Structure formats: structure tokens, C-alpha cells
Number of protein chains: 2
Amino acid sequence: MPDVILDNKVFYNPVDFALKKIGGTWKMPVLWRLRIKTMRYSEIQEHIKHISQKMLTQTLKQLEADGFIDKKIFAEVPPRTEYSLTEKGRKAIEVIDYLRNYGLNLMLEAGINYQEMVEQEKRKKI
Amino acid sequence: MPDVILDNKVFYNPVDFALKKIGGTWKMPVLWRLRIKTMRYSEIQEHIKHISQKMLTQTLKQLEADGFIDKKIFAEVPPRTEYSLTEKGRKAIEVIDYLRNYGLNLMLEAGINYQEMVEQEKRKKI
DNA sequence: CAGTATCCAATATGATACTG
DNA sequence: CAGTATCATATTGGATACTG
């Protein structure tokens, strides 16, 4: 397999390329939240447990630069910014959905019923 | 999303779980090579450009521990070891194939015809 | 041949304080 | 509210030398 160089980065193969675009700890969680609706910065942060301001900002910046999301700034006080999926971002959702189902299967094989865990957490919050 | 803890590791979500099992730089390349046939250590190393001995050993060890590959040691001199996919490993190939196709599409959008690059490299070697 | 062991560099992520 | 800037830490990967 030949190496590919783009924007001064080296990609070893197509999977490496895909995962350098939407992989890492936070890109898929952010895209996944946006599949439902347009969200503002603080809203995304509230929805994703553990994510720091630094990583959220960095993740949003890269996803926008790579064309997966759109950013709309409203000239208001206090400022408001809204993020939404592009068509390219919506294609990525299919990949995330596929990977997510595979992950759920792997977890079941390991004896973890994740969907049930999610249900239990909902009940606690009510 | 609740966190999941298994073997002293924290997983944030199902995608995180899947990619901690078959993600990283080298696991998918190794699994992908084994989809064709059983291979020995040195054979895998020759097929995967850039991979170091350390990373190959570590990758094989983790894939075996997680049940994606089988390791068979032959009591010969010099020693011979063969690695092959398990049924779980063959399921992972489907995921890799999916991700690979997505990566090829992303590359095309970025103006990179990877399949053509692979063809050109073959011609050079002949 | 098929690994181990050790040390080092690069990158990814986190914590904290500050700002238009 | 939506960031930036800086410093610290953790994880990953690479280089090199050695071994049953």
C-alpha cells in the first residue's frame, strides 16, 4: 500500500485516512449528537460527558475545516454559535451508526448489555 | 451515555469500545492481511510497510488476547509461528471493509485516486 | 525466526486561568 | 456564551540492542 500525503500529513491506507478525519476520542461523539439537530457550543458540551472546552473547540474546528459541519455565528449579545451537519457529515453518521452497532455486539459478547445500562441511567434521572 | 469499565479500562461509548479493540495504527492492517490466509510473523512484517517489531508483537498479542486471531507455534528449529483469523476476526473484516470503502470515498472527494496509486505501485515492482 | 527490554520522541488529552 | 492561551500529563509509537 502506498502512502498518501495531504496537508503535510501521512496516511498509510484508506482506513487510516477515514479515522484521521472522524476518529479520535471526540469527533464521532460530536457528530453523533448533531445528527438529531443543530446545537450550540454549550449544548454540545452539556451532552458529552468528560469533554473539556479545549477538546470541544479543537474538535469543532477540525470537523468544520474538513467539511463535516457548518458553523453559524449570530451577532448577538451574549454571542450564539450554532453547529450543524453538512451532507458530508450526514454520510459520516452512517459510518458511525455501523461502527456503533458493531461496538454494541462486541460489548454483548463481553457480557455488557449497554442498551440496558442506558435505560437504567434514564430512569435515575427521572 | 454511561461509562463502561472492563479490565481496568474506561470506555465512553460503543464506538470507543470497538475502536479500542480494533483501532489504533496497526490492528486493522494486521487483520486485513490475515483475511487472505494464515501468515507467519515475518511474513506479516514484510507485508506491512513501516511497522516496527515492537508494534507488530504488541498488536498480535492484543489481537490474540481479545480473540480476533489464533496463534499456532510449531516446535521447529528455527521457530515458526502462524497467525490466523478467528470467527470474531472474520467479523471484524466486514467492519474494516466498510471503513475502507468509506475512506476510499473520502480520498476521492479530496482528489486522491488511491486505487490507481496502488495499481501504479504494482507496475513499478514488475 | 520470533520475539524482549529499554529508552526516547511525538502526539493526544486534560486542568486551569483568562477574554471579546 | 464561546471561546483562547499555557502548562502539565498520559498514551502511543519508534530506535536500538539483545536472546531462546
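A backbone N or O atom of T81(A) lies 3.3 Å from a phosphate oxygen of DNA strand D. The model in which this distance was computed is a predicted one.

In Y83(A), an N or O atom of the side chain is 2.5 Å from a phosphate oxygen of DNA strand D. In T25(B), a polar side-chain atom is 2.7 Å from a phosphate oxygen of DNA strand D.

DNA strand D is surrounded by 20 residues, and the closest are S42(A), T57(A), Y83(A), T25(B) and K54(B).

Which elements supply the surface near DNA strand D with at least two residues each? In chain A they are α3 (41-47), α4 (53-65) and β5 (80-85), and in chain B α4 (53-65). The most comes from α4(A), which gives four residues. Sorted by class, the surface near DNA strand D consists of eight nonpolar, six polar and six charged residues.

A separate point concerns R33(A), which sits in helix α2 (residues 27-34) of chain A. Is R33(A) buried or exposed? R33(A) is buried, yet it has no salt bridge. What does R33(A) contact, leaving aside its neighbours within four places in sequence? The contacts are M39(A), H47(A) and I48(A), together with M1(B).

Definitions and conventions: Residues are numbered from 1 along each chain as its sequence is written. Chains are lettered from A and ligands numbered from 1 in the order in which they are written. This is a predicted model: local features need pLDDT of at least 70, side-chain atom pairs count only at pLDDT 80 or more; totals for chains, interfaces and linings use all residues. Side-chain values use heavy atoms; hydrogens and water are left out. Buried means under 20% relative accessible area, exposed over 50%, partly exposed in between (1.4 Å probe, protein chains only). Lys and Arg count as positive and Asp and Glu as negative; His and the chain ends are not counted. A salt bridge is a side-chain nitrogen of Lys or Arg within 4 Å of a carboxyl oxygen of Asp or Glu. Contact means heavy atoms within 4.5 Å. A residue is near a molecule or strand if one of its heavy atoms lies within 4 Å of it. A polar contact is a pair of N or O atoms within 3.5 Å; within protein, one must be able to donate a hydrogen and the other to accept it, and residues adjacent in sequence count only if both atoms are side-chain atoms. Ala, Val, Leu, Ile, Met, Phe, Trp, Tyr, Cys and Pro count as nonpolar, Asp, Glu, Lys and Arg as charged, and the others, Gly among them, as polar.
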